[in-house]
Structures are given as structure tokens and as C-alpha cells.
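Colleague: I am new to reading protein models. Could you take me through some features step by step?

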Amino acid sequence: MQFHHHGYVSGDPRVQPAAGVGLDRPHDLPDEVDVLVVGTGPAGMITAAQLSQFPDVTTRIVDRRPGRLPIGQADGIQARSVETFAAFGFAGRIAEEAYRITEMCFWHPDPADPTRIVRGERPPDDPAGISEFPHLIVNQARVLDYFAEYMAHAPTRMAPDYGYEFRDLSLDPDTDPDGHPVTVHLVRTDGPDTGQEKTVRARYVVGADGAHSAVRHAIGCTPQGDSAFHAWGVMDVLAVTDFPDIRLKCAIQSGTGGSILLIPREGGHLFRMYVDLGEVRPDNHAATRSTTIDQIVDRARAILHPYTLDVKDVAWHSVYEVGHRVTDRFDDVPLDQVGTRTPRVFIEGDACHTHSAKAGQGMNVSMQDGFNLAWKLGYVLTGRSPESLLATYSAERQVIAQNLIDFDREWSSLMARKPEELDPGQLADFYVRTTEFLFGFMTQYPPSLLVAEPTHQHLATGFPLGKRFKSAPVVRVADANPLHLGHQHRADGRWRVYAFADTPAAGQPSALTDWATWMHTAPDSPVRAHTRPGDQRDAVLDVKVVYQQHHTDLDLGAVPALFLPRTGPYDLVDYEKVFATHPDEDLFDTRGIDRDGCVVVVRPDQYVAAVLPLHDTAALAAFFRRHLLVQVDPPEA
């Protein structure tokens, strides 16, 4: 964490100075906004949190509830989500209060007595070491609290506007592109003015309002998919039991055919059970929805035999039927008009994809929807990128949602099958084989406006194009601190450009030195072309270098000026962009980086966008000009 560059900070350094719209933020919801986010679930809150880092963008987030969510339905936090939390600065704190999954137990009917269950496979949660981040269980409401804190500490001083329900919207295609073409009708649901209508005009609207999304309905998006006609009862309970694995994640299948997915919750005592209620007749959905908590508990007791379950308190429970649906598009542009106009309304999270809860994917994929969209809105609204950037949201995220639906259909189908219909260990084997997907690391965006062709992928094989930037240990040269390179990537809306290279011998020519000089001084370099006059040099592109040598073999005084930029009103030197290999783990080996060096470009949402040789400066300049606007006048001839 960097601070003091504007003067001594005596308080909490996480509280950024107010700036832009945060200097005089009106308490009441204004009549005009740049972005109106509907819904304060995980997708909506991460969208607002990322946009809170754009001081010149007026963003407001509304919700029909009167206040914060007291208890959330979702609870599983993938390693990819914890990695994202690190970018927002609260991964460590939320991990301290969460339950950490380290292994999973699979219980089956006892072959000697099928009326009883016995423990079978017990695989570790991350057998291949996919991520250095943990797999957590924590109440969704706490995730929202942390995002709300982040927003409140951001330059815009953002806070949710509770007590507003979305009714409908209309789009005026003839409005000036710089105007507010979306008119949103809201109604107050709380306070002395309950029932009063409120009209807000917005440049863009984001619908994060859940599976029954009114925003989705307003723009005519159609959920496509089907129901599995299988019901589950879910309950968060405090109970006394002699089941020995009550504090471990378990998949339990009984001889009667029923099954339970057991999820220990944070705090040491609470746990969640997804209890199999069996098939649902297409003509009798009402009977399933009327299942009582006592019936769910009785069903759980039967599945757990011979173990006992004495429920003392039920914090929350629900009954749901498994459905697998994804909308035909994630914005307001009809499919036959794609490429002809700019999207103005977007949907994310459960508003555009629904599935079972047992794979623990819903909240996680929803947050990645919001992370993907928010920085793009920020760039367009601040004049950094053309509006064409916004079309990439639906193009990228709809494919990911379909992959999730396909995965969940297979996983929930396996969970619902009777033990005799499965090969021994089949469920555990599927769980282990799909760990990378379960952890959120299978996402890979194809070549596009934002992802280069894999022409030079061989220069950094461990950073696959379109996949999230996989961190590795390094040593910061200035202070000899060992740390993870990717963990320095904050959710501040900036691109990261990493130069990997050898340090040149004194007085010798160097591809890195030539590249750094071009980036620092050439008019056509991305740093010069896309940074506004008067802004800090790294306001848009955060450029770092990683040398092959150990830090003790490097002279900070010989590092090119590009990697030691000046910051703040006092023009202080930023020493946190120069790294060396870690003595115990050389990332040039572990990430397959060519020893002659290369450049790796990473998007603001942490996905690898380009891998290029150091000498191909023209390709680097051309890549950024595809999606960033030039901010300076070209030099005179």
C-alpha cells in the first residue's frame, strides 16, 4: 500500500482523498447520473466499487431493500474471487473470518449395510496447487459489507441508495450520445415518502437485480434453458450431531437415494445443508415449494443414518428447483443489431444466468461479470476508450455463463443420481478433475478488441492469452521484500504492462533499455499517447519490470527512468515497480518466460491481453490504439 506521497497521512491509509464527484456528493439520488446500477448483490456492488475509482463518473446504486442485506443466500468463495478481493484490498480480512476448505469428504452407503453411510474418498481441495489463494465459505452479506466499505473510502465516497424499486425504463435513441438517453422509473419502498415515484435519467444502466430481473424484462432479454425437475431444500442451522465430519465439506449419498451437500460455515458452529428432496412432477411445483423446514430436517436425518441430527436453530432456509438458464444477450442491443449501435443497458449476475447453488459458482461468476463491465464503463465515460469497447462485455461474458451452465448441469445431475447409478469414486473423481473450473480459473477470453492473437505466446507460455494473470513470487528490488507479483494489481482501473528481461552489462546495448526509452519518450508510445496532459505518467498504464537476476545483483540507479516514475505534488520517486526473481522460485522458469525477454499486457480486470517481444514496439502501440483513445495532439511535422 502506497501513501504519504501527497503529505503525511495520520489516519487510515485505506481512505483515499475525496475527489471529483466525491467532493460534494449529494445525499439524495440525483435526477441525472452517468451510471445507475440496480441491485446491491455481489454483481452490482463490485460494479459500483470499481466505478468508485473513477472520480469524474457519477455512479449511483439503488436497491428496493430498506438497508444492508442481513444474511446472504450465497456463501462459497472461489480462489479467483479471493484474488479479486485482494485487488480491492480486503482479501486478508475476509479470510480471517471465513471458513477455509482444505479437503472434501465423500460418503456412500455401507456395502455391508446400505441403510448406513460410511466415509469414502477424502481428496484435498486443491491437489494440484492451482492457486495460492484459499477456497473460502463466508456469508454473502459480509462480502457486500466489504465492497460497501471500499466504496465509502473511494474518491467518489459512494454509498448505496436503499429503498428504491426499479419499475421500468425507456431509451430515447435520438438523444445526444453525450446526453442521458435512458429514463428510469423508480418508486420509493421505504421512509416517509414510500410510494412516491422517482425518475432518473442515465447514460448507462446496469441491471444486477436477480433471477427475476425487471431490468432484463424491460430490455426484452429472454432466458433460455430448462429445469432439471429436481428439488433441494437448503438450510443454515446450529445443531448437535454425532456425524464426525460436520466441520468438513461433504457430499453424502445414502442407500435410500437421497443426498446432502454439507458446507461448514464461518464461526465454528453454523453449517449449511443442501438436502435432496427428489424429483419434481412438472404439474406439481407448488407442492415442492411448500415443503416445510421440519420436512427438510426429517429428510436430512434419514440420509445421515446412523448418525443423529438435533437442530437447535435455523438461521435461514429455502426450497428451490434446479434450473439452468442463460439469456440470449447481456445488453439491450438485439442480436440483429449487434455492431450497429452502442449498448446502453446491461444485465449481470443472476439477471442473465441461473443454475444450481451446489457448485458454489453463482456469486463468483456474477462478481466477474461486474468486474468485466465496470472498468469498461469507466473508460468510455472518462473519454479513454471509444463506446465500441462496451460491446465486448456481452461477447465475453455470455460464453462464460454458458460454460457455467454446462458444468453445473453435469455436477448437479451427478449429485442427484442414486449411488447404484454411479461408479465407485465417480463423484470424487469429477470434483478433482474440475478443480480449475471450481476455483474460477478456466475462463479464457478469445482474441478480440481486448485480447491479442497468440502469435507470440511462446515467449510467456505460463501467461496464456485471455486467462487471468497467474501470479508468482518475486523480490522488490528497492526494499528486498519478497512478494507476489500479481498481488500488486489493484482494482484502480489501470492496465498493467510487465517487461521481463535480463539486465544489461554496463555500457552494452539492451532490448529492455531501448524499449523503456521508447515507452518513456516516443510520441507514439502507449504511455505518451494515452495519458492526458497533466496526469501522472502511470495514470492509465502501470508499467513494471522484472529482471532475471536476484535483487542483490541489481543496481537501482541503473534502472531506466520509465520504471521509477514521479508521483504526487512533490514529484516523489515510486520505487515499487522494479522486481527481481525470487531465489527459491524463478518465474522465468515457472511461467515459461523467454530469457531474451518479452512484454506481457494485463487488463484492469486481471486477464492477460497481449504477449509481445520487446523489439516490436509498433505492435504494442497498435494493440492499445485498438481500444484506447489518443489523449495528446500529434507532434507537428
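Modeller: Helices and strands are DSSP runs, numbered from the N terminus. This is a predicted model. With that numbering, arginine 157 lies in the loop between α4 and β8 (161–162).

Colleague: What is the phi of arginine 157?

Modeller: First the general idea: most residues other than glycine have a negative phi, and most peptide bonds are trans. Arginine 157 has a positive phi of about 55 degrees, although it is not a glycine. Its relative accessible area is 27%, so arginine 157 is partly exposed. Alanine 480 also has a positive phi, of about 60 degrees, and is not a glycine. Alanine 480 sits in the loop between β19 (473–476) and β20 (481–484). With a relative accessible area of 38%, alanine 480 is partly exposed.

Colleague: Which peptide bond is cis?

Modeller: The bond from histidine 305 to proline 306 is cis, with omega near 15 degrees. Proline 306 is found in the loop between α7 (293–304) and β16 (309–327).

Colleague: How do I check the length of helix α4?

Modeller: Count 1.5 Å a residue: the 14 residues of α4 (residues 140–153) should span 20 Å. The end C-alpha atoms of α4 are 20 Å apart, which agrees.

Colleague: How many residues of α4 are buried?

Modeller: Buried means under 20% relative accessible area. In α4, 10 of the 14 residues are buried, so the helix is largely enclosed by the rest of the structure. Among them are Val143, Leu144, Phe147 and Tyr150. The cover over the buried residues of α4 includes α1 (42–51), α2 (79–87), α3 (91–97) and α8 (362–381). For α1, 10 of the 10 residues are buried, so α1 too is largely enclosed by the rest of the structure. What covers α1 includes β1 (32–38), β2, α2, α4 and α8.

Colleague: How is a pair of packed helices described?

Modeller: By the angle between their axes and the distance between the axes. Take α8 and helix α9 (residues 391–416): their axes come within 10 Å and cross at roughly 170 degrees. An angle over 145 degrees counts as roughly antiparallel, and α8 and α9 are therefore roughly antiparallel to each other. Where they meet, α8 contributes residues including Val365, Asp369 and Leu373, and α9 contributes residues including Tyr393, Arg397 and Leu404. By class, this contact has four nonpolar, three polar and four charged residues.

Colleague: How many residues are in the largest nonpolar core?

Modeller: A nonpolar core is a set of buried nonpolar residues joined through side-chain atoms within 4.5 Å. The largest one here has 165 residues, and those with the most contacts inside it include Phe147, Met273 and Trp495. The largest share of this core, 11 residues, comes from α8. Apart from it lies another core, of 25 residues, among them Val451 and Tyr498. Leaving aside neighbours within four places in sequence, methionine 273 is in contact with residues including Val234, Ile260 and Leu304.

Colleague: Is lysine 249 buried or exposed?

Modeller: Lysine 249 is buried, with a relative accessible area of 8%. Its place is in strand β13 (residues 249–253). The C-alpha atoms of lysine 249 and phenylalanine 106 are separated by 8.8 Å, although the two are 143 residues apart along the chain. Aspartate 24, in the segment before β1, counts as exposed at 67% relative accessibility.

Key. Residues are numbered from 1 along each chain as its sequence is written. This is a predicted model: local features need pLDDT of at least 70, side-chain atom pairs count only at pLDDT 80 or more; totals for chains, interfaces and linings use all residues. Side-chain values use heavy atoms; hydrogens and water are left out. Helices (H or I, at least four residues) and strands (E, at least two) are DSSP runs, numbered from the N terminus. The expected span of a helix is 1.5 Å times one less than its number of residues. Buried means under 20% relative accessible area, exposed over 50%, partly exposed in between (1.4 Å probe, protein chains only). Contact means heavy atoms within 4.5 Å. Axes are lines fitted to C-alpha atoms, for helices over the stretch in contact, and angles run from 0 to 180 degrees between N-to-C directions. Angles under 35 degrees count as roughly parallel, over 145 as roughly antiparallel, 65 to 115 as roughly perpendicular and the rest as oblique. Ala, Val, Leu, Ile, Met, Phe, Trp, Tyr, Cys and Pro count as nonpolar, Asp, Glu, Lys and Arg as charged, and the others, Gly among them, as polar.
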